[in-house]
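Take a first walk through this structure.

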Amino acid sequence: MDPTAAKIVLAAQRGDSINRIASKIDISYSWVYDWMERLDNANIIAKTDNGIQIVDHEMRQQYAEIIAALYSRDTISQEDAYIIPHFAGMEFVYTEIDAAYVWTHGGFQIARSHDDYPVFIEVHDRDVERWIAFFQQWGVDTTINERPDASDVDGNIHYVLYPKTNGIDAEWVEGNPVIPLDDAVSQMMENRPAYEPALEIMADEYDRDIDATHHSSLTFSSE
């Protein structure tokens, strides 16, 4: 019942590689690999040619209950805020402020503080009630489509859900699923003055040619 083993089992989705799981839970590849061997030998997970898959779903549920109970007793850290959604077993992507945060590798923050830290994720509309129940299990508040006033939520970490009736497009950046880069840029351009530093970071790293003079235009370099 080691916490690392629990995080691995909870974060693993069918087809994941060991490297992706390690990135999701922010633990070194070598340590996760070692635990994978033990979990495989215990018939809790299986390593297949198509990636990892869970074998013992009853054990996964036991892990979920124990880890949720542990987290709900303590203040959730900013780092944990990006790990916990991986334990839900449902598809999601980071969006809004967190799209900028993920695409800049944590290099850009805006309108958040240690005491008021909303995390913005897109989810399937059909999963909304399950997401709310999941976060309740962890003792974390959720809102739909709108960031609440800090005085209206308990704790520092809370989640803002954006339900989608169509499919969710995801790209992966350092273990985090996030809306595609072009979509993230489009969101930021709608409030460009606030996101200018992030746009500069992304222009440099991802070869996006942003016109610094005419703030209403954005072109994409093919080079």
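A crossing is left-handed if the near helix is turned anticlockwise from the far one by less than a right angle, and right-handed if clockwise. Helices (H or I, at least four residues) and strands (E, at least two) are DSSP runs, numbered from the N terminus. The model is predicted: local features need pLDDT of at least 70, side-chain atom pairs count only at pLDDT 80 or more, and totals for chains, interfaces and linings use all residues. Residues are numbered from 1 along each chain as its sequence is written, and side-chain values use heavy atoms, with hydrogens and water left out.

Two packed helices are described by the angle between their axes and the distance between the axes. Axes are lines fitted to C-alpha atoms, for helices over the stretch in contact, and angles run from 0 to 180 degrees between N-to-C directions. Start with helix H1 (residues 3–11) and helix H4 (residues 57–72). Their axes come within 9 Å and cross at roughly 120 degrees. The crossing of H1 past H4 is left-handed. Contact here means heavy atoms within 4.5 Å. H1 brings Pro3, Ala5, Ala6, Lys7, Val9 and Leu10, while H4 brings Arg60, Tyr63, Ala64, Ile67 and Tyr71. Sorted by class, that contact holds nine nonpolar, no polar and two charged residues. In this sorting, Ala, Val, Leu, Ile, Met, Phe, Trp, Tyr, Cys and Pro count as nonpolar, Asp, Glu, Lys and Arg as charged, and the others, Gly among them, as polar.

Now turn to helix H2 (residues 18–25) and helix H3 (residues 29–41). They pack at an angle of about 115 degrees, with axes 9 Å apart. H2 passes H3 in a right-handed crossing. Ile18, Asn19, Ile21, Ala22 and Ile25 of H2 meet Tyr29, Val32, Tyr33 and Met36 of H3. The contact of H2 with H3 has eight nonpolar residues, one polar and no charged.

Next come the rings. Rings of Phe, Tyr and Trp (its six-membered ring) pair if their centres lie within 6.5 Å; planes under 30 degrees apart count as stacked, over 60 as edge-to-face and the rest as tilted. The whole structure has 15 aromatic pairs. One of them joins tyrosine 82 and tyrosine 117, edge-to-face, at 6.3 Å centre to centre and 85 degrees between the planes. This pair links distant parts of the chain, 35 residues apart: tyrosine 82 lies in the loop between helix H5 (78–81) and strand S3 (92–94), and tyrosine 117 in strand S4 (residues 117–124).

Are these two tyrosines buried or exposed? Buried means under 20% relative accessible area, exposed over 50%, partly exposed in between (1.4 Å probe, protein chains only). Tyrosine 82 is buried because its relative accessibility is 7%. Tyrosine 117 is buried too, at 2%. Both belong to one aromatic cluster, whose members include Phe87, Trp131 and Tyr159.

Charges also meet rings. A charge sits over a ring if NZ of Lys or CZ of Arg is within 6 Å of the ring centre and within 35 degrees of the ring normal. Arginine 38 has its charged end over the ring of tryptophan 35, 4.2 Å from the centre. Arginine 112 does this over tyrosine 101, at 5.6 Å.

Last, look at the backbone. Most residues other than glycine have a negative phi. Glutamate 96, not a glycine, has a positive phi of about 55 degrees. Its place is the loop between S3 and helix H6 (97–103). Alanine 111 also has a positive phi, near 55 degrees. Alanine 111 sits in the loop between H6 and S4. At 51% relative accessible area, alanine 111 is exposed.
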